[in-house]
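Try each task before you read its solution.

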Amino acid sequence: MFNKIHDNIFRALNSDFLYSFKHSPVAIVSFIVALTLVLGAVLAPFYAPHNPFDPATLNLMNGFSAPMKPNQFTGEVFLLGTDDQGRDVFSTILYGMRISLFVGFAAVTFAMVLGVSLGLIAGYVGGWLDALMMRIADVQLTFPGILVAMLIFGIAKGFTPIDQRDQMAIWVLIIAIGLSEWVQVARVVRGATLVEKNKEYVQAARLNGRRSGGILIGHILPNVLGSVLVIATISLALAIIAEATLSFLGVGAPPTKPSLGTLIRIGQGYLFSGEWWILLFPAVTLLALALSVNLLGDWLRDALNPKLK
Amino acid sequence: MKKRTQKRTLVKIRNLDRLFDVSKPFLNRIIEREERKILRAVDDVSIDIDEGETFALVGESGSGKSTVAKMVVGLLPPTKGSIEIDGIDLSDKSKIKELRKLRSEIQMIFQDPFASLNPRWRVEKIIAEPIRSFALEKNEKAIIAKVAELLTLVGLDPSDGRKFPHEFSGGQRQRICIARALASKPKFIVCDELTSALDVSVQAQILNLMKDLQDEFSLTFLFISHDLSVVRHMANRIGVMYLGRIVEISNSKDLFENPKHPYTKMLLDAIPDLEMSGKDRNPIEGEIPNPIDPPKGCTFHPRCPFANERCRKEIPMPIKSDSSIITCHGVEEGRIGKE
């Protein structure tokens, strides 16, 4: 057991993958930025000045404080200022990022599970099933992803009772974004499956009495996961942006539990009245998060593509 | 050569046909007004393979030998005809239990040792796959021991099991493939272009290993190759395929010393030979015709120097003698082979 772990660590440290990482400044910087933001969001409850989701900790008198300046009524100082309800912008960003990241990760996981399983089945079984699935995917691709997500969001909202809408909103968001992103995954996985299933090791497995399920999971899945990893990373950035867009449009996370998109929506109302910090800081955070994840995804695609080495 | 006490037919292939639909998709066919295109990859092939012998199928690329191999192991269903191995018809769905047992007794070794091993699996897992799948050993400990034994058997070290396929050379990978094929204790192994991806020095090692294994486990081989020198080294009997049909089946010795069919002669004339250095060889003239639209009559007639009117019209029937089968009008009429 120890040997196995040791082996794996040794292999990982000596891989081309790590070499490529060490020699890509963009990847290193993006990785550090993304890691800081994710850790910052995850650990927020331990160090955030206060919990913006808890109305009891808010003081309306603190509203519209400028960054690093004492409030004119209470004299309290806020690192990044406060918004209209007196919520500390720094804390709302941290907590908002938790929601953005949670929705992003969950939506991507959902899209991956759906896309990978459907892609594997379509590619391996082929025939009319493949044709049917890929035509559905084609039709969905003709609509912009955000439109599909809004449509699904709207339908799902119609089904949830009014008093549960705020709690359900995040789950509906996840399903909506996941359903709008499975197509890319399914297509890539299907393509990779078509290549793998004709390789001789799959034929050998069939000869050795392995059933289709075992071949799909044991042989083909591990060999298509590389390409899935790349889309997963890029989809994560897309999902975070999609969530922000939906929330910005007012159909995503509710104002009581704001995500980065909701914060930007709140902030844009005050931009021209001088309270620029309410908009700027969430927007910059969103930009940094999406950009770093996207750049990481780009690097990953190149690093895992042997033809570019 | 071993003395064979009993000659039992292990593999019986009868009138095997395989068609491939290579036409364009339905919509394109309608728009471009094209007919369906059917490729006849294998046409009326009948072969008997005796227990313990090595039967080789030779022919140019596209002659259908790999398709025959895939049908024999059950990777492709035949369009027509029957394959019987050890007395059990492969298409007989009523004998599922026997078929499953039979599955473990038929193995195949593939041409490309780089594509035939899953790059993400350790060698020990690859070799253990048939053992686990057919539940041949009782517990994990026995499986590990068996894998080590197999690795030693094919000339690798038991510690190689911990490695991944990409850590091996082509010849070593082919040894791993052989170990995997032996893992299910097969009786019959189909080798599809076993050595064509290896360099010559390694080819000889692998072929000798196969011979040793055949003696040790009394295996029966179906050897698919286009390399006649390999075939000469390995085979007891040889079948020559041309455009999906068998043109000649004969003992290895007879075939090399006294080829009857004009196509076999052409093939043998094209072998590079040290003693012939300096002299001109006769390369095979022409190319194999398009199997979608094969020539009428004997399919070999456009390239055959002896072809006459009958060859262009009438499909020749196999002529059986005690040790050979020849499909040629010229041989039947005595026009060919009496010079």
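**Exercise 1.** Find how many salt bridges link chain A and chain B, and name the partners.

*Solution.* Start with the count: the rule turns up one salt bridge across the interface of chain A and chain B. Here a salt bridge is a side-chain nitrogen of Lys or Arg within 4 Å of a carboxyl oxygen of Asp or Glu. Next, the partners: B:Glu129 and A:Arg210 pair up through their side chains, at 2.7 Å from N to O.

Keep in mind that this is a predicted model, where local features need pLDDT of at least 70, side-chain atom pairs count only at pLDDT 80 or more, and totals for chains, interfaces and linings use all residues. Residues are numbered from 1 along each chain as its sequence is written, chains are lettered from A and ligands numbered from 1 in the order in which they are written, and side-chain values use heavy atoms, with hydrogens and water left out.

**Exercise 2.** Work out how many residues of each chain are in contact, and how much area the chains bury.

*Solution.* First, contact means heavy atoms within 4.5 Å. On that basis, 20 residues of chain A touch 27 residues of chain B. Then the area: about 2,000 Å² is buried between the two chains, 48% of it on carbon and sulfur atoms. Buried area is the accessible area (1.4 Å probe) that two parts lose on being put together, summed over both. Finally, on chain A's side, A:Glu200, A:Leu207 and A:Asn208 lose the most area to chain B, together 36% of what that side buries.
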